[in-house]
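Hi,

Here is the structure I said I would pass on. Have a look at it first, and then read my notes below.

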Amino acid sequence: MSVREGLLALLAQGPRHGYQLKGELERALVTGRPVNVGQVYSTLDRLVRDGLVTESASDGAAEGGTVPRAGPERRRRFEITDAGRAALSAWFAATPIGDDATGRTPDVARVLLAVATGTADPLAVVRAQRGPVVARLQAVRQVQRAATDLHDALAADADAARLEATLAWLDRTEERLRTKRSR
Amino acid sequence: MDQSKGTVACELRQVSMHYPDGDETRAALDAVSLRVAVGEFVAVMGPSGSGKSTLVHVLAGVEPATAGEVAIRGEVLGPQDRRAWIRARRKDIGVVYQRLNLLPTLSALENVALPLELDGFNRRAAASMAAAALADVGLASLAHRRPDHLSGGQQQRVAVARALVGERSLLLADEPSGALDSAAAEDVVRLLADRARAGGAVLMVTHDSRMASWADRIVELRDGRLTGVAA
Ligand SMILES: Nc1ncnc2c1ncn2[C@@H]1O[C@H](COP(=O)(O)OP(=O)(O)OP(=O)(O)O)[C@@H](O)[C@H]1O
Ligand SMILES: [Mg+2]
């Protein structure tokens, strides 16, 4: 579900309290179900450990006193580091294709996070994703063309169909982003 | 067909195309250079209005470029070489136009046979080659229908058959699958890929990256400029 990159992208917009991040992450990634709070904090702890995020103690009053009166976990305040920004840019520019826990490819998470947080240019993200997907599909086309029996043809068709779906979505997304239309 | 892979089938050198636009001119193509090698299948992508059809028209010699050079099989053909262009379209270049340009008074078979007859094949040979080309695109049973009695997708396949027939060495196809469902589109693009594999050169315009992925090489046009290789 790209929790790690989601947190980085949100923190790239500005420092956040831990309690804010869970809800914002659910909206940014359109998860459709609650993100586990424990996973948010354990991911933040790893990001802090890796130097991508720093933690500053805060009582929250300075931010308008909207901090719920809950355990100390909720008061923790996080900020992205330069290394964190670099890691985020690298992720936006990276190109692996594979399924994640939402059943979506990371390409989808990249575009959603770029649109939700403005931390990368969504159109550039879409265009950067398309090249590698097309290249993969070009390779599958060779397999489709070479298939001599039904079994091989079916397997290649299945790979092609998944990549085609991703491409159809990227094309559609580019169209929407260019025309700024939501329907 | 030509055995020498790597030989250039067609080439644009710094080709520009300016259309008058009020008092000014507008560049539909802006210093475009592109080569398609013998045996190569190139897809041209790009948004609507980016100059894709203009590029096909310039390569087919039906619209003269306002600047730059066009070469077919190594021979530079200019706007004044009208006869050479007509000859090239008869012998060397097959074109699927985006608007199809089928002759409404002829049957599908006659439409496909026409370029062969113009190239000197006798009626009977042309008809049997045309019938085979129509069978390749799945239209054997509709060969005697006129275009206005065919669906949009069927008309499109007639246009593809007309471009494929006679094994001309360069095939230019402008959105050849625009009106087709995905299975029929795949059939058509496979025919184009097969033609390239057999030693033809193929340039296909498409806005659909799923179609483009059948090509060996994908280039992209934006605002009349070739922005390089998309994949
Ligand atoms: N005969 C003409 N006179 C003036 N302008 C033209 C002419 N033909 C095309 N144009 C302009 O040139 C540009 C490129 O047109 P072209 O038909 O090549 O685009 P295209 O990429 O094929 O688009 P589509 O995907 O919609 O078919 C467009 O801005 C178009 O309006
Ligand atoms: Mg066009």
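A quick definition before the findings: a salt bridge here is a side-chain nitrogen of Lys or Arg within 4 Å of a carboxyl oxygen of Asp or Glu. Also keep in mind that this is a predicted model.

So, how many salt bridges are there between chain A and chain B? The count is two. One pair to look up is B:Asp194 with A:Arg145, whose closest N and O atoms are 3.3 Å apart. That distance falls inside the cut-off of 4 Å, so the pair qualifies as a salt bridge.

Now for the rest of the interface. Chain A puts 17 residues into the contact, and chain B puts in 19. Which three residues of chain A supply more of its buried area than any other three? They are A:Gln138, A:Arg141 and A:Arg145, and they supply 44% of what chain A buries against chain B.

Next, some helix packing. In chain A, helix H1 (residues 3-13) packs on helix H3 (residues 37-49) at an angle of about 75°, and their axes are 10 Å apart. Because of that angle, H1(A) is roughly perpendicular to H3(A). From H1(A), the contact uses A:Val3, A:Arg4, A:Leu7, A:Leu8 and A:Leu11, while H3(A) brings A:Gln39, A:Val40, A:Thr43, A:Leu44 and A:Leu47. Sorted by class, seven of these residues are nonpolar, two are polar and one is charged.

H3(B) makes the contact through B:Ala108, B:Asn111, B:Val112 and B:Pro115, and H5(B) through B:Val158, B:Ala161 and B:Arg162. Five of the residues in this contact are nonpolar, one is polar and one is charged.

Last, a couple of backbone details. Most residues other than glycine have a negative phi. B:Gln14, in strand S1 (residues 8-21) of chain B, has a positive phi of about 50° although it is not a glycine. B:Glu167 also has a positive phi of about 50° without being a glycine, and that residue sits in the loop between H5 and strand S7 (170-174) of chain B.

Cheers

Definitions and conventions
Residues are numbered from 1 along each chain as its sequence is written. Chains are lettered from A and ligands numbered from 1 in the order in which they are written. This is a predicted model: local features need pLDDT of at least 70, side-chain atom pairs count only at pLDDT 80 or more; totals for chains, interfaces and linings use all residues. Side-chain values use heavy atoms; hydrogens and water are left out. Contact means heavy atoms within 4.5 Å. Helices (H or I, at least four residues) and strands (E, at least two) are DSSP runs, numbered from the N terminus. Ala, Val, Leu, Ile, Met, Phe, Trp, Tyr, Cys and Pro count as nonpolar, Asp, Glu, Lys and Arg as charged, and the others, Gly among them, as polar. Buried area is the accessible area (1.4 Å probe) that two parts lose on being put together, summed over both. Axes are lines fitted to C-alpha atoms, for helices over the stretch in contact, and angles run from 0 to 180 degrees between N-to-C directions. Angles under 35 degrees count as roughly parallel, over 145 as roughly antiparallel, 65 to 115 as roughly perpendicular and the rest as oblique.
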